[in-house]
Amino acid sequence: MKLLLIGADGVRLDVALPAALDAHPGFAAPDHPADPRFRAERPDGAGAAPVPSPAMPVSEAPAAPTLARLLEGGTILPVWMTPPTDSGPGWASLLTGTTHEQNNVWWNEFVGHRLARTPDILSRVFFADPRARTFAASTWDALVGAHSAGPVIHQRVDQQVGGQHQLMRATDFSEGCRSADVQVRGHAAWVLNHEGPDASFVYFEGADEAGHAHGAASDQYREAISTVDEHVRYLVKAVSERHEQLGEDWLIAVVTDHGHKPEGGHGEDELDVRRSFLLLHQVGDEAGTSRLRSAVAGRGPLRSEDVTPLLLELLGVREASWGADHEVGALRDTPSVGPTRDLAHEW
């Protein structure tokens with residue numbers, strides 16, 4: 001089974017797909033508290049628990065019909081992000097299966113990150129089988145750009161030389177993220193349809209841009225979610241045609257890193273900002289869909305660092321092992337006390 005992981009930055013589930021909130025009881029409240037450093041300011045007398053945003057306008061027509069169709073033939077799990085709910089920490093955790101403390105990504109500047117020690121999901125597929133072909137396309141260069149603050153997705157230059165690992169970052173920002181997302185969609189749909197990589201990640205930023213500019217309660221935000229949803233449709237169609245013509249089975253996963261406040265913005269621990277989701281859909285026969293649903297039945301809510309391990313499990317990827325007799329990866333410098341002068345250690 002091949003993987004198509006789609007990252008839709010800044011999408012509130014209750015705006016994109018409000019009916020999904022009833023699909024799992026874990027969507028009701030976070031499964032773990034936030035660090036006090038990243039709590040939002042509370043109204044007088046409010047406790048430490050995150051508070052929901054004011055009620056959002058609900059439309060009868062779904063803002064994300066593609067996501068609705070994927071859910072109808074798939075399943076969804078709640079994912080609760082660990083503050084700070086900024087994009088850098090969010091995607092670093094989602095894509096590597098590690099916590100903020102492990103990857104040391106706390107802000108969008110990526111200062112002091114440890115991403116070289118926390119390989120992304122595409123790299124872990126490659127490490128499990130070096131024949132695997134991987135692909136990533138992104139509007140935000142921090143996820144894929146060699147000269148960015150990150151990147152989260154490892155470059156793996158040797159594999160790029162032979163076309164085994166392809167990375168694409170948007171360059172057309174003439175209309176902001178709207179034009180950049182269209183550029184990513186076009187390139188990704190072609191690669192997915194004609195080359196069918198074993199594992200792919202495609203990222204769209206348009207909803208996040210609209211959330212910052214207009215707020216989650218705005219018509220512009222809802223329209224941006226619908227636009228991203230249409231980009232998702234293109235990618236789903238690309239791999240569905242491969243299944244139709246070549247018989248390939250694909251696991252489609254859609255995830256976001258945070259929501260938005262009604263007035264716009266994110267970063268703290270508000271319930272509607274921390275709430276994320278993992279939407280899963282298998283392109284294949286009905287038996288495959290049943291197996292997928294059975295495999296995740298009773299799971300969740302997840303945390304952001306649980307997403308990559310779960311996807312690897314569903315793909316059948318198993319990590320290699322090394323029976324080292326020491327703590328692997330630990331850095332211990334020798335003390336500045338000089339040699340012991342024990343001749344057994346003199347060479």
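Q: Buried means under 20% relative accessible area, exposed over 50%, and partly exposed in between (1.4 Å probe, protein chains only). Going by that, is Gln 282 buried or exposed?
A: This is a predicted model, where local features need pLDDT of at least 70, side-chain atom pairs count only at pLDDT 80 or more, and totals for chains, interfaces and linings use all residues. Residues are numbered from 1 along each chain as its sequence is written, and side-chain values use heavy atoms, with hydrogens and water left out. Gln 282 sits in strand β8 (residues 275–283). Because its relative accessible area is 8%, which is under the 20% limit, Gln 282 counts as buried.

Q: Which residues does Gln 282 touch, leaving out those up to four places away in sequence?
A: Contact here means heavy atoms within 4.5 Å. With residues up to four places away not counted, Gln 282 touches Met 1, Asp 249, Trp 250, Gly 288, Thr 289 and Leu 292.

Q: How many helices and strands are there in the chain?
A: Helices (H or I, at least four residues) and strands (E, at least two) are DSSP runs, numbered from the N terminus. Counted that way, the chain has 13 helices and nine strands.

Q: Why is the chain called as compact as a globular protein of its length?
A: The radius of gyration is taken over C-alpha atoms, and the globule rule is 2.2 Å times the number of residues to the power 0.38. For 347 residues that rule gives 20 Å, so the chain is as compact as a globular protein of that length because its radius of gyration comes close, at 21 Å.

Q: Of the contacts between residues at least 6 apart in sequence, what share joins residues at least 24 apart?
A: This one looks at contacts in the chain between residues at least 6 apart in sequence. The share of them that joins residues at least 24 apart is 75%.

Q: What is the phi of Phe 110?
A: Phe 110 lies in the loop between α4 (100–103) and α5 (121–128). It is buried, with a relative accessible area of 3%. Although Phe 110 is not a glycine, its phi is positive, about 60 degrees.

Q: And what is the relative accessible area of Arg 156?
A: You'll find Arg 156 in the loop between α6 (141–144) and α7 (157–161). Phi is positive in this residue other than glycine, near 45 degrees. Arg 156 is buried, and its relative accessible area is 10%.

Q: Which residues of α13 are buried?
A: Helix α13 (residues 307–315) is mostly covered, with seven of its nine residues buried. A residue with positive phi near 85 degrees, Gly 316, follows it. The buried ones in α13 are Val 307, Thr 308, Leu 310, Leu 311, Leu 312, Leu 314 and Leu 315.

Q: How far does α8 reach from its first C-alpha to its last?
A: The expected span of a helix is 1.5 Å times one less than its number of residues. Helix α8 (residues 177–194) has 18 residues, and 26 Å is expected at 1.5 Å a residue. Close to that, the reach of α8 is 25 Å.

Q: Which residues does Gln 183 touch, not counting residues up to four places away?
A: Gln 183 lies in helix α8, where the buried residues include Val 184 and Arg 185. At 25% relative accessibility, Gln 183 itself counts as partly exposed. With residues up to four places away left out, Gln 183 touches Met 168, Ala 170, Thr 171 and Asp 172.
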